[in-house]
Amino acid sequence: MSSSTVPAAGAAAAMLLVGTSTAVSATIADYPVLSGQALRYALAAAILLAVVRHRRLPRAGLTYRDVLLLLALAATGLAGFNIFLVEATRHASPAMIGTVVGAIPIVLALVGPLTERRRPAARIVGAAVVVTLGAAVAAGFGGGSLHGVLLSLGALAGEVAFSLLALPLLPKLGPLRVAAYPAALAVPMLLAAGIALDGTSSLRLPTPTEAVAFGYLGVLVTATAFFLWYDALRRLGAARAGLFAGLVPVGALVTTVALGLGEAGVADVAGALIVGAGVLIGLRQPAQTGLGGQADRRIPRSPAEDEQPVPTAPERQ
(Lines give C-alpha, C1' and ligand atoms only; values in the text may rest on other atoms or scores of the structure.)
Protein backbone atom coordinates (compact mmCIF):
# COMPACT_ATOMS: atom_id res chain seq x y z
CA MET A 1 0.00 0.00 0.00
CA SER A 2 1.37 3.41 -1.00
CA SER A 3 2.30 5.81 1.81
CA SER A 4 -0.16 8.29 0.32
CA THR A 5 -3.09 5.86 0.09
CA VAL A 6 -4.37 6.33 3.66
CA PRO A 7 -4.19 10.15 3.76
CA ALA A 8 -5.64 10.29 0.23
CA ALA A 9 -8.57 8.18 1.37
CA GLY A 10 -8.98 10.44 4.39
CA ALA A 11 -8.98 13.59 2.26
CA ALA A 12 -11.52 12.04 -0.12
CA ALA A 13 -13.77 11.00 2.77
CA ALA A 14 -13.52 14.46 4.33
CA MET A 15 -14.60 16.28 1.16
CA LEU A 16 -17.35 13.77 0.37
CA LEU A 17 -18.70 14.28 3.91
CA VAL A 18 -18.62 18.05 3.41
CA GLY A 19 -20.57 17.54 0.20
CA THR A 20 -23.33 15.70 2.04
CA SER A 21 -24.04 18.87 4.02
CA THR A 22 -25.86 20.34 1.01
CA ALA A 23 -28.79 17.96 1.30
CA VAL A 24 -28.79 17.98 5.12
CA SER A 25 -28.75 21.77 5.23
CA ALA A 26 -32.11 21.81 3.44
CA THR A 27 -33.67 20.59 6.69
CA ILE A 28 -32.38 23.63 8.62
CA ALA A 29 -33.15 26.26 5.99
CA ASP A 30 -35.42 28.14 8.41
CA TYR A 31 -32.82 28.31 11.18
CA PRO A 32 -30.60 31.44 11.41
CA VAL A 33 -27.54 30.48 9.37
CA LEU A 34 -24.69 31.93 11.43
CA SER A 35 -26.12 30.78 14.76
CA GLY A 36 -26.58 27.35 13.23
CA GLN A 37 -22.93 27.26 12.23
CA ALA A 38 -22.01 28.26 15.78
CA LEU A 39 -24.00 25.29 17.12
CA ARG A 40 -22.31 22.98 14.65
CA TYR A 41 -18.82 24.16 15.57
CA ALA A 42 -19.58 24.06 19.29
CA LEU A 43 -20.63 20.42 19.05
CA ALA A 44 -17.60 19.54 16.93
CA ALA A 45 -15.20 21.32 19.29
CA ALA A 46 -16.70 19.49 22.29
CA ILE A 47 -16.22 16.13 20.55
CA LEU A 48 -12.67 16.83 19.39
CA LEU A 49 -11.57 18.22 22.76
CA ALA A 50 -13.08 15.18 24.47
CA VAL A 51 -11.01 12.93 22.19
CA VAL A 52 -7.88 14.95 22.99
CA ARG A 53 -8.58 14.55 26.71
CA HIS A 54 -9.44 10.85 26.39
CA ARG A 55 -6.16 10.16 24.61
CA ARG A 56 -4.26 12.04 27.35
CA LEU A 57 -2.12 13.85 24.84
CA PRO A 58 0.81 15.83 26.27
CA ARG A 59 0.20 19.51 26.84
CA ALA A 60 1.12 21.70 23.90
CA GLY A 61 2.51 25.01 25.08
CA LEU A 62 1.03 27.67 22.82
CA THR A 63 3.20 30.62 21.86
CA TYR A 64 1.78 34.04 20.96
CA ARG A 65 2.34 33.13 17.32
CA ASP A 66 0.33 29.92 17.74
CA VAL A 67 -2.54 31.80 19.37
CA LEU A 68 -2.56 34.43 16.63
CA LEU A 69 -2.60 31.75 13.93
CA LEU A 70 -5.45 29.91 15.64
CA LEU A 71 -7.46 33.13 15.98
CA ALA A 72 -6.78 34.02 12.36
CA LEU A 73 -7.80 30.53 11.25
CA ALA A 74 -11.05 30.73 13.22
CA ALA A 75 -11.81 34.26 11.98
CA THR A 76 -11.11 33.59 8.30
CA GLY A 77 -11.39 29.88 7.58
CA LEU A 78 -14.49 29.32 9.73
CA ALA A 79 -16.38 32.48 10.76
CA GLY A 80 -15.26 34.62 7.82
CA PHE A 81 -15.96 31.92 5.28
CA ASN A 82 -19.51 31.47 6.53
CA ILE A 83 -20.22 35.21 6.64
CA PHE A 84 -18.99 35.73 3.08
CA LEU A 85 -20.93 32.68 1.92
CA VAL A 86 -24.18 33.85 3.50
CA GLU A 87 -23.85 37.32 2.02
CA ALA A 88 -22.88 35.92 -1.39
CA THR A 89 -26.12 33.93 -1.61
CA ARG A 90 -28.01 37.24 -1.62
CA HIS A 91 -26.23 38.44 -4.76
CA ALA A 92 -25.33 35.31 -6.74
CA SER A 93 -26.69 31.88 -7.60
CA PRO A 94 -25.48 28.85 -5.62
CA ALA A 95 -23.96 27.46 -8.82
CA MET A 96 -21.85 30.55 -9.40
CA ILE A 97 -20.71 30.62 -5.77
CA GLY A 98 -19.81 26.95 -6.00
CA THR A 99 -17.82 27.58 -9.17
CA VAL A 100 -15.79 30.39 -7.58
CA VAL A 101 -15.17 28.58 -4.30
CA GLY A 102 -14.48 25.41 -6.28
CA ALA A 103 -11.28 27.01 -7.58
CA ILE A 104 -9.55 26.16 -4.29
CA PRO A 105 -7.56 23.25 -5.82
CA ILE A 106 -5.85 25.67 -8.20
CA VAL A 107 -5.07 28.18 -5.46
CA LEU A 108 -3.64 25.54 -3.13
CA ALA A 109 -1.64 23.97 -5.97
CA LEU A 110 -0.05 27.35 -6.68
CA VAL A 111 0.27 28.90 -3.23
CA GLY A 112 0.71 25.83 -1.04
CA PRO A 113 4.19 24.89 -2.30
CA LEU A 114 5.33 28.52 -2.08
CA THR A 115 4.58 28.56 1.65
CA GLU A 116 7.02 25.64 1.95
CA ARG A 117 9.57 27.35 -0.33
CA ARG A 118 9.00 24.96 -3.22
CA ARG A 119 8.05 25.57 -6.82
CA PRO A 120 4.48 24.63 -7.79
CA ALA A 121 4.55 21.33 -9.69
CA ALA A 122 3.24 21.65 -13.24
CA ARG A 123 1.45 18.29 -13.13
CA ILE A 124 -0.38 19.09 -9.90
CA VAL A 125 -1.37 22.54 -11.15
CA GLY A 126 -2.68 20.93 -14.34
CA ALA A 127 -4.52 18.31 -12.28
CA ALA A 128 -6.02 21.09 -10.15
CA VAL A 129 -7.32 22.82 -13.29
CA VAL A 130 -8.95 19.56 -14.39
CA VAL A 131 -10.50 19.03 -10.94
CA THR A 132 -11.81 22.60 -10.82
CA LEU A 133 -13.32 22.25 -14.29
CA GLY A 134 -15.02 19.02 -13.25
CA ALA A 135 -16.42 20.62 -10.11
CA ALA A 136 -17.73 23.55 -12.16
CA VAL A 137 -19.40 21.20 -14.65
CA ALA A 138 -21.02 19.24 -11.81
CA ALA A 139 -22.19 22.36 -9.95
CA GLY A 140 -23.15 24.44 -13.00
CA PHE A 141 -21.66 27.84 -13.66
CA GLY A 142 -24.64 30.01 -12.70
CA GLY A 143 -24.65 33.79 -12.60
CA GLY A 144 -24.63 36.78 -10.29
CA SER A 145 -23.66 40.41 -9.85
CA LEU A 146 -20.13 41.77 -9.43
CA HIS A 147 -20.92 42.16 -5.72
CA GLY A 148 -21.79 38.48 -5.60
CA VAL A 149 -18.56 37.54 -7.35
CA LEU A 150 -16.50 39.59 -4.89
CA LEU A 151 -18.27 38.03 -1.91
CA SER A 152 -17.69 34.58 -3.42
CA LEU A 153 -14.00 35.42 -3.75
CA GLY A 154 -14.06 36.30 -0.05
CA ALA A 155 -15.46 32.85 0.69
CA LEU A 156 -12.74 31.33 -1.50
CA ALA A 157 -10.11 33.23 0.49
CA GLY A 158 -11.60 31.80 3.68
CA GLU A 159 -11.38 28.28 2.27
CA VAL A 160 -7.74 28.81 1.35
CA ALA A 161 -6.96 30.22 4.81
CA PHE A 162 -8.62 27.16 6.38
CA SER A 163 -5.76 25.06 5.00
CA LEU A 164 -2.78 27.39 4.68
CA LEU A 165 -3.02 28.86 8.19
CA ALA A 166 -3.11 25.33 9.58
CA LEU A 167 0.14 24.27 7.91
CA PRO A 168 2.53 25.88 10.45
CA LEU A 169 0.40 24.62 13.35
CA LEU A 170 0.14 20.96 12.37
CA PRO A 171 3.71 19.85 13.18
CA LYS A 172 3.39 21.06 16.77
CA LEU A 173 -0.30 20.59 17.59
CA GLY A 174 -1.35 17.75 15.30
CA PRO A 175 -4.66 17.48 13.41
CA LEU A 176 -6.90 16.86 16.43
CA ARG A 177 -6.01 20.10 18.17
CA VAL A 178 -5.85 22.12 14.95
CA ALA A 179 -9.38 20.94 14.19
CA ALA A 180 -10.66 21.55 17.72
CA TYR A 181 -9.23 24.91 18.77
CA PRO A 182 -10.39 27.06 15.81
CA ALA A 183 -13.83 25.43 15.93
CA ALA A 184 -14.18 26.49 19.56
CA LEU A 185 -12.84 29.99 18.84
CA ALA A 186 -15.23 30.47 15.93
CA VAL A 187 -18.34 29.95 18.10
CA PRO A 188 -18.43 33.38 19.80
CA MET A 189 -17.43 35.06 16.52
CA LEU A 190 -20.38 33.52 14.68
CA LEU A 191 -22.81 34.18 17.52
CA ALA A 192 -21.80 37.84 17.56
CA ALA A 193 -22.14 38.09 13.77
CA GLY A 194 -25.53 36.37 13.91
CA ILE A 195 -26.86 38.80 16.50
CA ALA A 196 -25.49 41.74 14.50
CA LEU A 197 -27.20 40.59 11.30
CA ASP A 198 -30.38 38.92 12.58
CA GLY A 199 -30.87 40.25 16.11
CA THR A 200 -31.57 38.19 19.21
CA SER A 201 -34.03 36.02 17.25
CA SER A 202 -30.96 34.22 15.90
CA LEU A 203 -30.50 32.58 19.30
CA ARG A 204 -33.63 30.42 19.28
CA LEU A 205 -33.47 26.73 20.17
CA PRO A 206 -33.58 24.30 17.24
CA THR A 207 -36.56 22.02 16.69
CA PRO A 208 -36.02 18.24 17.12
CA THR A 209 -35.57 17.83 13.37
CA GLU A 210 -33.10 20.70 13.24
CA ALA A 211 -31.25 19.29 16.24
CA VAL A 212 -30.75 15.98 14.42
CA ALA A 213 -29.42 17.83 11.37
CA PHE A 214 -27.03 19.87 13.51
CA GLY A 215 -25.91 16.66 15.19
CA TYR A 216 -25.00 15.18 11.82
CA LEU A 217 -23.23 18.36 10.73
CA GLY A 218 -21.33 18.64 14.00
CA VAL A 219 -20.27 15.00 14.34
CA LEU A 220 -19.53 13.97 10.76
CA VAL A 221 -19.27 17.05 8.55
CA THR A 222 -17.22 19.01 11.08
CA ALA A 223 -15.48 16.92 13.76
CA THR A 224 -14.72 13.91 11.56
CA ALA A 225 -14.17 15.76 8.29
CA PHE A 226 -11.94 18.43 9.85
CA PHE A 227 -9.74 15.82 11.51
CA LEU A 228 -9.45 13.75 8.33
CA TRP A 229 -8.67 16.85 6.27
CA TYR A 230 -5.95 18.16 8.55
CA ASP A 231 -4.43 14.71 8.89
CA ALA A 232 -4.28 14.44 5.09
CA LEU A 233 -3.00 18.00 4.78
CA ARG A 234 0.04 17.35 6.95
CA ARG A 235 0.84 14.09 5.13
CA LEU A 236 0.15 15.03 1.51
CA GLY A 237 0.91 18.75 1.55
CA ALA A 238 -1.50 21.50 0.53
CA ALA A 239 -1.13 21.09 -3.24
CA ARG A 240 -2.00 17.39 -3.45
CA ALA A 241 -4.59 17.45 -0.65
CA GLY A 242 -6.30 20.41 -2.33
CA LEU A 243 -7.21 18.25 -5.32
CA PHE A 244 -9.76 16.43 -3.19
CA ALA A 245 -11.75 19.63 -2.63
CA GLY A 246 -13.24 18.95 -6.04
CA LEU A 247 -15.13 16.02 -4.52
CA VAL A 248 -17.49 18.30 -2.58
CA PRO A 249 -20.09 18.57 -5.40
CA VAL A 250 -19.72 14.82 -5.96
CA GLY A 251 -20.64 14.19 -2.32
CA ALA A 252 -23.60 16.54 -2.71
CA LEU A 253 -24.75 14.67 -5.82
CA VAL A 254 -24.46 11.24 -4.23
CA THR A 255 -26.40 12.36 -1.14
CA THR A 256 -29.12 14.03 -3.20
CA VAL A 257 -29.63 10.89 -5.28
CA ALA A 258 -29.42 8.55 -2.26
CA LEU A 259 -32.10 10.53 -0.39
CA GLY A 260 -34.35 10.68 -3.44
CA LEU A 261 -34.16 14.47 -3.60
CA GLY A 262 -33.06 14.55 -7.22
CA GLU A 263 -31.54 12.63 -10.10
CA ALA A 264 -28.05 12.60 -11.57
CA GLY A 265 -27.90 14.37 -14.92
CA VAL A 266 -25.34 14.07 -17.68
CA ALA A 267 -23.45 17.13 -16.43
CA ASP A 268 -23.35 15.70 -12.90
CA VAL A 269 -21.84 12.40 -14.02
CA ALA A 270 -19.44 14.08 -16.47
CA GLY A 271 -18.25 16.50 -13.79
CA ALA A 272 -17.67 13.68 -11.30
CA LEU A 273 -15.63 11.73 -13.87
CA ILE A 274 -13.54 14.80 -14.70
CA VAL A 275 -12.87 15.41 -10.99
CA GLY A 276 -11.81 11.79 -10.56
CA ALA A 277 -9.45 12.00 -13.53
CA GLY A 278 -7.86 15.17 -12.15
CA VAL A 279 -7.30 13.62 -8.73
CA LEU A 280 -5.66 10.54 -10.26
CA ILE A 281 -3.35 12.72 -12.36
CA GLY A 282 -2.29 14.69 -9.30
CA LEU A 283 -1.71 11.66 -7.07
CA ARG A 284 0.71 10.19 -9.59
CA GLN A 285 2.93 13.25 -9.17
CA PRO A 286 6.53 12.17 -8.51
CA ALA A 287 8.65 13.66 -5.71
CA GLN A 288 9.26 17.35 -6.33
CA THR A 289 12.48 19.31 -6.02
CA GLY A 290 12.51 22.37 -3.74
CA LEU A 291 13.80 25.83 -4.56
CA GLY A 292 17.10 24.95 -2.98
CA GLY A 293 17.35 21.50 -4.59
CA GLN A 294 15.92 19.66 -1.61
CA ALA A 295 13.54 16.75 -2.04
CA ASP A 296 9.83 17.31 -1.61
CA ARG A 297 8.94 17.61 2.07
CA ARG A 298 5.83 16.46 3.85
CA ILE A 299 4.74 18.19 7.03
CA PRO A 300 6.40 16.32 9.93
CA ARG A 301 4.16 14.43 12.30
CA SER A 302 3.59 16.02 15.69
CA PRO A 303 5.81 14.53 18.42
CA ALA A 304 2.94 15.13 20.84
CA GLU A 305 0.32 13.16 18.93
CA ASP A 306 0.68 10.48 16.33
CA GLU A 307 -3.08 10.25 15.91
CA GLN A 308 -5.03 7.25 14.91
CA PRO A 309 -8.40 7.89 13.24
CA VAL A 310 -11.08 9.55 15.35
CA PRO A 311 -13.21 6.89 17.12
CA THR A 312 -16.28 5.73 15.29
CA ALA A 313 -19.52 7.67 15.61
CA PRO A 314 -21.05 5.52 18.37
CA GLU A 315 -17.90 5.96 20.49
CA ARG A 316 -17.86 9.71 19.88
CA GLN A 317 -21.52 10.06 20.81
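1. Start with helix α11, residues 248-258. Its buried residues are P249, V250, G251, A252, L253 and T255. Their cover includes α1 (5-25), α6 and α12 (266-283). After α11 comes G260, with a positive phi near 70°. Keep in mind throughout that this is a predicted model.

2. Next, the pairing of α3 with α8. Helix α8 spans residues 170-198, and its axis runs 8 Å from that of α3, at an angle of about 50°. That angle makes α3 oblique to α8. The crossing of α3 past α8 is right-handed. By residue class, the contact of α3 with α8 holds 19 nonpolar residues, one polar and three charged.

3. Which residues of α3 and α8 meet? From α3 come D66, L70, L71, L73, A74, A75, L78, A79, N82, I83 and E87. From α8 come K172, L173, V178, Y181, P182, A183, L185, A186, M189, L190, A193 and L197.

4. Is D66 buried or exposed? D66 has a relative accessible area of 4%, under the 20% cut-off, so it is buried.

5. What does the side chain of D66 reach? Leaving aside residues up to four places away in sequence, D66 touches G61, L169 and K172. D66 and K172 are also both listed where α3 meets α8.

6. Now R118. This arginine sits in the loop between α5 (104-115) and α6. Its relative accessibility is 5%, so R118 counts as buried. The side chain of R118 makes a polar contact with the side chain of E116, at 2.6 Å.

7. Last, L133, in helix α6, residues 122-139. Its relative accessibility is 45%, so L133 counts as partly exposed. How far apart are the C-alpha atoms of L133 and V275? They are separated by 7.6 Å, although the two residues are 142 apart along the chain. Helix α6, which holds L133, is also among the elements that cover the buried residues of α11.

Note on methods
Residues numbered from 1 in each chain as written. Predicted model: local features only at pLDDT ≥ 70, side-chain atom pairs only at ≥ 80, totals over all residues. Heavy atoms only, no water. Helix = DSSP H or I, 4+ residues; strand = E, 2+ residues; numbered from the N terminus. Buried < 20%, exposed > 50% of the residue type's maximum accessible area, 1.4 Å probe, protein only. Contact = heavy atoms within 4.5 Å. Polar contact = N/O pair within 3.5 Å; in protein donor to acceptor, adjacent residues only side chain to side chain. Axes fitted to C-alpha atoms, helices over the stretch in contact; angles between N-to-C directions. Parallel < 35°, antiparallel > 145°, perpendicular 65-115°, else oblique. Left-handed = near helix turned anticlockwise from the far one by under 90°. Nonpolar A, V, L, I, M, F, W, Y, C, P; charged D, E, K, R; others polar.
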